[in-house]
Structure formats: structure tokens, C-alpha cells
Amino acid sequence: MTQILGIDVLRTQLAGRVIDKFDFDYDTARAVWNGGIDRHPAVIARCTGPSDVAAAIAFAREGDAQISVRGGAHGSWGAAQPEGGLVIDLRDLRGVSVDPGSRRAWCSGGATIGDLDGATTRHGLAVTGGKISHTGLGGLALGGGLGWLVHQTGLTADNLLSAELVTADGRTLGVSADEHPDLFWALRGGGGNFGVVTGFEFRLHEIGRLVYLGLFFWTPEHGSEALRIGREVAASLPRNAGLVMAAGLAAPDAPFVPVAYRGTPGYGLMIAGFGSALEHHRLIAPVRQALPPLFEFVTPLPYVELQKALDDTAPWGSHAYDESLYLQELSEDAISVLSENMPRKSSLMSFITILSLGGAFADVGEQETAFGGSRLTRFVVNVTAIAPDAELLATDRAWARSMWQALVPHASGSGGYVNAMADSDADRVRAAYGPTKYQRLAGIKARYDPDNVFRMNANIKPAPLPRCLTGRIEPE
Ligand SMILES: Cc1cc2nc3c(=O)[nH]c(=O)nc-3n(C[C@H](O)[C@H](O)[C@H](O)COP(=O)(O)OP(=O)(O)OC[C@H]3O[C@@H](n4cnc5c(N)ncnc54)[C@H](O)[C@@H]3O)c2cc1C
């Protein structure tokens, strides 16, 4: 492990705890969601606010140490855990406050989706979050943020109103459409490249006391038909609904699954409704008629419960590897690739999700935010190899890669959702953003982080914009 000298000095500078390998809880503190990642940071700085963050950055830079930023630690390749280096750990910064009058939430940089939902739904309000409640809001929002509400309220990032950010040179900046608008653009999709976000302000939207879930499950031999049904419903999905198809998913060990079918692999279709019970009923009725499922679970539930419904499919400590791509349409060829390759996985836990996009997501202009993906995209596909141990993951990592490669010819290029790409090599990151956005992001990176201090992410290499193009960046 790299030695960083003067850790005791850092301890005197921070209000939060500074942890190293001699501390009793070092192993717990360095752990990330992906149990397959086992790096040993030299220092974990549990920051309590912007001044701790600035001190930790200065300390690491002085010692030439690699910096990582830990939000919820769900980055699938372990972006929050450097070998050697210093972790700027935001887990003690989880407060969320809500102003119901102006429908705004102020969230600390280390909050989880569960923290956000818990605080907002008390006021009958919500904003798009992820589908697993223990995911970090920080990484999720900075890379985009896809969830059940994406048709109704767009990406999490689309609802960002302002942020508080500590830069590589230790300044604390307010960032919004009026303050540092170039950064404001970059933070909405450009990931953790530009600094450490200690606070996010989001626009909130009304959510009913109860929402509606329809979950349908079919055995693998009906996989292609199940995907076609999902495609059909997605084609006319109203704004006040969300749709996810899950291929290869093992029916969870949950009370709503008949005992005989728990652990059975198959194809799931989940349709969430945010309007009335009748609207949801009309949406799901054709599903049953098209192909009677092995079992179904249709229920009203509070939004926070919907947000936790899939938590058991992705427990902490799982070994995981992700691939991602976008589909303009779920073509017959893509369906064939999916159903032919699905039986080749080895781990019962591995699965593919296909989330329907459209509605408010598609209202936002292509260049309005830095999100790495086209607003015309209809589906985001995540291929998730997930296993209880390293050996099984190795087999399914190969499965995930070959599934991804087989799907690429049917996709909108090789770029995928940056938050679901375990292989964030330079070419993949460029492909995700496309040349125009990447160049603009690289220019903003050169301005705020010219030494690429924040590089444990889907990394944008700093590159000052040519003089003739600098007009594209709004003045500070
Ligand atoms: C089980 C699981 C479920 C998921 N479900 C969804 C989903 O439904 N929808 C979706 O959109 N994505 C989902 N994701 C992907 C998720 O959005 C990314 O993994 C995201 O990076 C997680 O953020 P984090 O803060 O938990 O992770 P971390 O590993 O802590 O951070 C990830 C990256 O974000 C940066 N970062 C985090 N917080 C900050 C901050 N405050 N300031 C600056 N940089 C920061 C880090 O430096 C790092 O580069 C899921 C991931 C997992 C593992």
C-alpha cells in the first residue's frame, strides 16, 4: 500500500474522521457495494462539509496521491476505492431538507436515493431516482439518473437547479444556470469529473399517496413473447407511467412470489403507474390477455416502497460487472439476440434490464445537458453480471461482454449509459458522449480541473477548446 505521510496533520485539519489501515474499522470503511473490488486506500477522509473536502484535496495533491470521491459507493468498477490514494468520503453528508412551498429539495452530496425519497415523499413530492434505494444520489445524478419517474419528470439531472461544488484547487462554488453556467451544464451528465459536489438542489414534483405496480413473470421459453409485450406497452406508455423489462431475472424470494416459483429464472415486466388505479388497470389489462404469466403481482403501494421493491436483487457485497447500450427500437433481431444468449449465463443473479425512455426525458434538447445519450433513444439496456463470488462472476463477465457485443449492431452505436459501464476506457467514454459533447466537456474540464485530479470516473481528459470554439462556453 502507498504510504501517505503526515496523516496526523490531516486529522488536525478535518472536522470529520480520518481513517487509515491502523483503524479498527478500516475494512468496513473502505468497502464498496461491489464485493469483487478489493483495493486498499491509504487514507479515508470522512468529510463533513466543503472545508473538509478542500483540506483533503489539498493534502492529497501535496502528497501526489490519487483521489477518489465516495458518494454511495455503487460505482460498479469501484470508482470510490483507489489503491493507495485518498478517499473523499461523503457518507456523513446525507442530510436532505425539503421546502414543500417551492417544491425544492436540498440534498447533501453523500445522500442515498432512499434518503432523498424518504424526505420528499413526506410532503407528497418526488424526483426521479434510481430503482435501488441504497444507490448513492451523487454518482447517479451526476451521470444522469434513470428511474421509474423518467417519463414523468425526466432524468434526475434534468431536475438539478443548483449545486455546491469544491473544485480541484479548493474553491467552493455555487453552480446554477446563473452561476458558472458552463459547470452547470457539465454537472448534468458529465459525472464526477469537475469537482466534489457537497450539495444538490432539485426541483420536485407531486406524487400520489399511492402509486401502482403491475409485475408479470414468464418462464424463459416465453422470453421473446414477453419482450414483445413489453415493447408493445412501451410504444404508447403515458407520461405518468414507467416500464422496465427484466430478462433472465430469478423470481425473488419475496412474499408476492408463489413459493413454488421463487428462484425460477424468467422474464419480468414491471409497469408502474403514477395516475389513477383505473389508468393503471387499463395499461396492464392487455398484458394478461396477450400471454397469461406464470404469476403476477398487481398492487397499490407508497412510492417509497416501489423504490425499494428491487433492493433484494442487488445486495451489498455482490460481485458485479456492467455493460450498457441504448436501443432506438427493440427490434426482432435484438429480441433474438437477447433470448438466444440469455441461457448462456451461469449465475442465477445475472440479468438484463430494459428501461423505457420517452416523455419528459425526450422533451429536453440534445445539447441542453451533458447527458451521455440521445434524447431520441427509446430504451436503455443494462447487462448486469452479478454473482455471490468471484469465480461465478468471471464466467458471467464473459457472458455480459459477449451479450453486449452481440447487441451493439442493433443499438445506437457502442456508447452506453456512463453510470452502467464497468469498462470506462477512453473510447467508450467518448462514444457515450459523442464528439460534440465530449469536446465541450473536455474544455470545461481543462478550465476547472486541468491536472485531471478527479479521474476515478468515466474520465473526460482535459483539453482546452480551440480559440475558434471558445464562444460555445458561456462566460463565468
Ligand atoms: C445496485 C445498483 C443499482 C443501480 N440502479 C440504478 C438506477 O436505477 N438508475 C441509474 O441511473 N443508475 C443506477 N445505478 C448506477 C449508479 O447510478 C452508478 O453506479 C452511480 O455511479 C452510483 O453512484 P454512487 O454515488 O453510489 O457511487 P460512487 O461509487 O460513490 O461514485 C460513483 C462516481 O460518482 C462520483 N461521485 C459520487 N458522488 C459524488 C459527488 N457528490 N461529487 C462528485 N462526484 C461524485 C465518484 O467520484 C465516482 O466517480 C445502479 C448501480 C448499482 C450498483
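Strand 1 and strand 2, the latter covering residues 41-46, pair in the antiparallel sense over 2 bridges, where strands are DSSP runs of E with at least two residues, helices are runs of H or I with at least four, both numbered from the N terminus, and pairing requires at least two DSSP bridges. What we are looking at is a predicted model, in which local features need pLDDT of at least 70 and side-chain atom pairs count only at pLDDT 80 or more, while totals for chains, interfaces and linings use all residues. Residues are numbered from 1 along each chain as its sequence is written.

Staying with that pair, Val-18 has Ala-45 as its bridge partner in strand 2. Both strands belong to an open sheet of 4 strands, with the order 1-2-4-3 and mixed pairing; its edges are strand 1 (18-19) and strand 3 (67-70), each of which pairs on one side only.

Helix 3, residues 50-62, lies across strands 2, 3 and 4, running at about 170° to strand 4 (84-89), an angle taken between N-to-C directions on a scale from 0 to 180 degrees, with axes fitted to C-alpha atoms, for helices over the stretch in contact. Contact here means C-beta atoms, placed from the backbone, within 7 Å. Leaving aside residues up to four places away in sequence, Ala-56 touches Leu-14, Ala-45, Cys-47, Leu-86 and Ile-88.

Turning to domains, whose bounds come from an automatic or database assignment, the chain is divided into domain 1 (7-89), domain 2 (96-206) and domain 3 (211-420).

Notes
Contact = placed C-beta atoms within 7 Å.
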